Amino acid sequence: MTNPFSGGLDASNVKRKSVKQLYDGGTPSLRGTIIKIVLLALLDAVTIFVAFVLFMREQWLPVAVAIIGMLIVNWLYLRRGGLPAKYLAPGVILLIAFQVYVLFFSAYTAFTNYGSYHNGDQNLAVSAIKAAGFGPVEGAPQYDVKLVQDDKGRYNFMLTDAFNGKVLVGGSAVPLTEIPACSQAISEVIATNATTVAEADCKIEILADNIAIAVSAPGYTEATQAGLSKGQTNSLAALRLYLDPNDTQGQFIKTEDLMVAVTNQEELIWNEEEKSFLRVTDGVVFNEAVDGYFRAGGAPDGEKVSDIGWRVEIGLKNFEKIFTDEDLRQPLLKIISWTFIFAALSVLTTFIAGLAIALLFNDDRMRGKRVYRALMILPYAFPAFLSAYVWRGLLDTDNGFVNNAILGGAEIPWLTEEFPARVAVLLVNLWLGFPYMFLITTGALQAIPAELTESATIDGATPWQILRQIKMPLLLVTIAPLLIASFAFNFNNFTLIYLLTEGGPLDSASSGYDAGGTDILITFVYKIAFSSGGGQDYGLASAFSILIFIIVATFSLISFRRTRTLEDVN
Amino acid sequence: MATATAKAPKEVPLKFKKRRMTPLRWFFALGWRHLVGMVIVLYAIFPILYIISTSLYPNNSIDGTNSLFVAISGENYVNLFQDAARPFATWYFNTVYIGIVTSIFSVFISALAAYAFSRLRFRGRRAGLLSLIVIQMFPSLLGLVAIYGMLIEIGRTFPAFGLDSQLGLVMIYMGGSLGTGTYLMYGFFNTVPRELDEAAKIDGATHTQIYFGIILRLVSPVLAVQMLLSYIGITSDYVLAAVVLSKPESLTLAVGLRQFISDPFSRDWSMFTAGAVLSAVPIVILFLYLQKYIVSGLMGGAVKG
């Protein structure tokens, strides 16, 4: 009421006010403003906290995105006007964060070799390769291990080689170094076969005859394993203390049990400056190759030092593979054709069944229609993932209800052979989908004016003619968009296929890709990305994803263009 | 089958005639419809009868029974809640929690957007609607790799939203909320007469008052249906949940129930069916209860998925 626009009584003022208000949506109420401010403040607080945490982790780009996003949101909601943005912002922000970003990331991944063997950057690959191969150096000294803490509280190893009279210390932050005082002390203890040790800077413990161990030294105090967490124990056990701090020999001391340490030789020696591995046994040098592997001499077809590589951009290679790989072509062509057949037949069978049932019940005299309807939509009301599981049990060859009880002991391999499995998938999808089609065709049939059928009957049209020439065209106008949506949905009906057959039965001819008889594109892509026998290949899977998206989007757009939906939009 | 349909108008007006129909006439006009209808109903409900029967069958039968309702016992239902390795009650709670949080937020968010598309005119409105249709066609499954990678990254800084966290999963589901319900609700908002909000505007109502006080109230049945459909869609999702969640106590029903039947050596069909019945009952009841609205929702283009 205190709005300056609501004063004055002259006509022009009133008019100006209403136009202005129609645009801005009236006078903001106090309560609304308070709620708005509180919500914005909460959002800002959370964002600033997030940005602060990210800042501490030096994640500059996310910090910038968070802050800029926050500023934009505040601006959107605090200014006057700009209503559409106020209503669209929440959805659009989520959309950008979780769909648009995902789309772009998928698109980028499609041009890389990202996968289980190319999981991260080069450093990750190097440490994984180095972790793989090493063996003990014969004749090298063994060390008794004592855990010590340095003056910063970090855990280090104190290694005693009593036989050679040598004491070393080293840890993750301390390069391996000898402690001369301790070396000398231990030599004396062993040489004199002493049973007691004088208190000194370097503390020696005598365990038995001729066995002694250094337990502390200046700057290093005794520690016990009891104080270690599991993670600390594991990382200490994995620690490699290189003999040469610059590591050109690949020799290191390592202890598995934190009791005894031995000298090991890496099979592959990493050269940080040249970014190459040297294989000790035959002196072959492996350099970076363009495909994200270390290969002999860095040649594109050279021997790989390991199956482990790093992630690199490989241009159109994934797409090239999809269109040219001989191993992939056979299963892929089969899968693509089955995907279209499956989607088309699913729509067709459910639609025909739904329409037939709708016509069956389209008689005003029939009683109990509500009961029929309630029972018939049960498959649709039942959660789809459960249906898939249930049918999987029902269709079991040996113990399934369908073979044993309904077909009287038949042994139809519903899920284990390709053709029956395809029929089974379609039958189950018919079960899942016919109620939906029944509901929508019933609705559409009821919307057709009765006068049309009546006048056609009077003109002497047969019922079949009425159905074909009057009802169907009208029906299709209404439900064509739904049929298209249904096709698109079934084209990517992962839940049904994967939960019912897992795409199986496996096709033995599809070497390495695990393609199965009922696999549709999307389940095949899922296998490539997450469970393929030939290793997980995210890059290839992403390339497929993009192609599928293009197929479905193109199909849908073209179809929608021919139907009502787009007219609505216009 | 259409014969009777076409003849119907001739016969219906004479009401006494209907009562006098001879059995033979009745059969050719309506009886066969009932017969076919019953066959269809049988096809529709036998799997459901079967799992109810199996879930009530005592003894741990590995692959279920082959005759329906031969023995009744609640044993499987009791066992279901006592399996420490497969915490059914926790899965149930997780599913309901994830489903409710996500469906409420996503319906609210898409209702906001639908209002903008329906009532406001702005640049890019048509393009926005079009892209919604296209986004609807993009199953989040295709972005699985990216989602997986993104959650790993987020988890490094904010473990509560990373991999194996339910909040992370909720966020991923909400990311798709604009695509799933907006278009449908846009259609329904269009059916609310504009005169109503114009009248309210002239009376000095703010746009939020119009939105919350008028439009949302008028379309509340639609919101309920949309929430139910969204809830069903989310709780039925297998693949995203399977990729994101891995700890036994954080699973949802779709992922967890699979454990009862996936391993051929330890599968437990009795427990699975008991779990399936319990998971399905609330949804089926809600579905039947809201049936009328769902049908009109379907005509607007919703696809349960």
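What share of the contacts in chain A with a separation of 6 or more comes from residues 24 or more positions apart? The notes below start from there.

1. **Ground rules and the opening question.** This is a predicted model, in which local features need pLDDT of at least 70 and side-chain atom pairs count only at pLDDT 80 or more, while totals for chains, interfaces and linings use all residues. Residues are numbered from 1 along each chain as its sequence is written, with chains lettered from A and ligands numbered from 1 in the order in which they are written. As for the question, residues 24 or more positions apart account for 55% of those contacts in chain A. A contact here means that the C-beta atoms of two residues, placed from the backbone, lie within 7 Å. In chain B, 71% of the contacts between residues at least 6 apart in sequence join residues at least 24 apart.

2. **The two chains in outline.** Chain A contains 20 helices and 15 strands, whereas chain B has 17 helices and 0 strands. Of the 570 residues in chain A, 37% are buried; for the 305 residues of chain B the figure is 46%. Buried means that 20 or more other C-beta atoms lie within 10 Å of a residue's own, exposed means 12 or fewer, and partly exposed is in between, with C-beta atoms placed from the backbone.

3. **Domains of chain A.** Three domains divide chain A: domain 1 (4–81), domain 2 (134–266) and domain 3 (324–569). Their bounds come from an automatic or database domain assignment. The centres of domain 2 and domain 3 of chain A, taken over C-alpha atoms, are 69 Å apart.

4. **Where the chains meet.** On the chain A side, 99 residues are in contact with 92 residues of chain B. Helix α4 (residues 83–109) of chain A gives the most to that side, with 16 residues. By class, the chain A side has 66 nonpolar, 26 polar and 7 charged residues. Nonpolar covers Ala, Val, Leu, Ile, Met, Phe, Trp, Tyr, Cys and Pro, charged covers Asp, Glu, Lys and Arg, and the others, Gly among them, count as polar.

5. **One residue to look at: M366(A).** You will find M366(A) in the loop between α9 (326–360) and α10 (369–376) of chain A. M366(A) counts as partly exposed because it has 17 C-beta neighbours inside 10 Å. Leaving aside neighbours within four places in sequence, M366(A) touches F361(A), L30(B) and R33(B).

6. **Nonpolar cores.** A nonpolar core is a set of buried Ala, Val, Leu, Ile, Met, Phe, Trp, Tyr and Cys residues joined through C-beta atoms within 7 Å. The largest has 167 residues, and Y389(A) and V525(A) have the most contacts inside it. Beyond four places in sequence, Y389(A) is in contact with L499(A), L257(B), R258(B), I261(B), F272(B) and A276(B). A second, separate core of 26 residues includes Y143(A), V169(A), I179(A) and F252(A).

7. Strand β4 (residues 166–171) of chain A has 6 of its 6 residues buried, so it is largely enclosed by the rest of the structure. K166(A), L168(A) and G170(A) on one side are buried, as are V167(A), V169(A) and G171(A) on the other. Strands pair when DSSP finds at least two bridges between them. Strand β3 (residues 155–161) of chain A runs antiparallel to β4(A), joined by 6 bridges, and D161(A) stands opposite K166(A). The two form a hairpin with 4 residues between them, and G165(A) in the turn has a positive phi of about 60 degrees. On to strand β5 (residues 177–178) of chain A: 2 bridges join it to β4(A), again antiparallel, and L168(A) stands opposite E178(A). That hairpin has 5 residues between its strands.

8. **Record against model.** The unreviewed UniProt entry lists "transmembrane region" for chain A at stretches including residues 37–54 and 423–445. UniProt positions follow the numbering used here, feature names are shortened, and annotations may be inferred rather than shown by experiment. In the model, residues 37–54 of chain A are 100% helix, with end C-alpha atoms 25 Å apart. Residues 423–445 of chain A are 100% helix, with ends 30 Å apart. For chain B, the unreviewed entry includes residues 96–117 and 210–232 under that feature name. The span 96–117 of chain B is 100% helix with end C-alpha atoms 31 Å apart, while 210–232 of chain B is 96% helix, its end C-alpha atoms 30 Å apart.
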